[in-house]
Amino acid sequence: MTTIRREQLAIVEDCRGDDCKPRVGVYALTSCYGCQLKLATVERILDIVKAVNIESFYMLSSNSTIPADVDVAFVEGSVSTEKDLEELFEVRKHSRILVALGACAVNGGVQSWVEGEMDYDQLYADVYGDETIDMQGRQATPISAHVDVDYYLPGCPPEEDEIMYFISSFLFGTFPEPKDYPVCAECRLAGNPCILIEHGERCLGPVTTAGCKARCISFGVPCIGCRGPVPHDTAWFDSLALTFQQKGLDEEVVRDRMRIFGAHNPHLEKMLNKVYGSENE
Ligand code: SF4
Ligand code: SF4
Ligand code: SF4
């Protein structure tokens, strides 16, 4: 593998010596740890480990600390406890670039599904009743609600290709571009029949950001929007609204499904308004 000198990296400053490497930290807030697991098991993880200095990544090394001074921090999970919030502030302070890793960090994830429908006290009572728990919980929120986030790597969990793209971009001194086209584009490239058009399945591919290569549809399962809404000015919303209406996919169905992973996504209501609102009447 080519040795990448730290001086070559736009993200690394003040480096002396040929063997300088970007320092990377991987941290977990409240989550299922699936995103970290995905990162730890990418096929080329050994190449990545050689190209960077892993300063903190408990899934790979017990010799980790929170926080460490790093060039790039990947943060998984939502802020669901006071301890999460304290850790996140510390990670931000010690990181030059912060990446939200996965749907929980990007949009709050499934644990923030009840946002706007149930407050924390109601939620606590529903789950724990009169029991007390050994942590200070709070309503789950995405990390961008508390700190500046430089890049968003969506998915539940993110795809291997995209993880490699992000890490490669940082290594080569460029920066990852977000995708601005829908899952449908990748679905058609994959040669799938359209299960929305042909079978009336409630597939949210047309309004969901691409990047998963239409993973679910390729297994015959409709997309439920885990990667979040596609920017509303880049898809064919007029014909889309008509198709959704013809197939009985009304606004509430789309909203309910997309809230599963992205109740906090600021683009969701804008996108719904574009598809179902006055602009299409
Ligand atoms: S985004 Fe999905 S895989 Fe990642 S931590 Fe959250 S629930 Fe787990
Ligand atoms: S609506 Fe669903 S099945 Fe049809 S092309 Fe889009 S992603 Fe594929
Ligand atoms: S098809 Fe939809 S639900 Fe499935 S992984 Fe892709 S974005 Fe997520």
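Modeller: The residues around ligand 1 (a heavy atom within 4 Å) are S31, C32, G34, C35, E76, G102, A103, C104, G155, C156 and P157. This is a predicted model, where local features need pLDDT of at least 70, side-chain atom pairs count only at pLDDT 80 or more, and totals for chains, interfaces and linings use all residues. Residues are numbered from 1 along each chain as written, chains are lettered from A and ligands numbered from 1 in written order, and side-chain values use heavy atoms, without hydrogens and water.

Biologist: Which elements give two or more residues to the shell around ligand 1?

Modeller: Elements here are DSSP runs numbered from the N terminus: helices are H or I with at least four residues, strands E with at least two. Those giving two or more residues to this shell are α1 (34–40) and α4 (103–107).

Biologist: How many charged residues does the shell around ligand 3 have?

Modeller: The shell includes C212, C216, C223 and C226. Ala, Val, Leu, Ile, Met, Phe, Trp, Tyr, Cys and Pro count as nonpolar, Asp, Glu, Lys and Arg as charged, and the others, Gly among them, as polar. By class there are six nonpolar residues, two polar and, as for charged, one.
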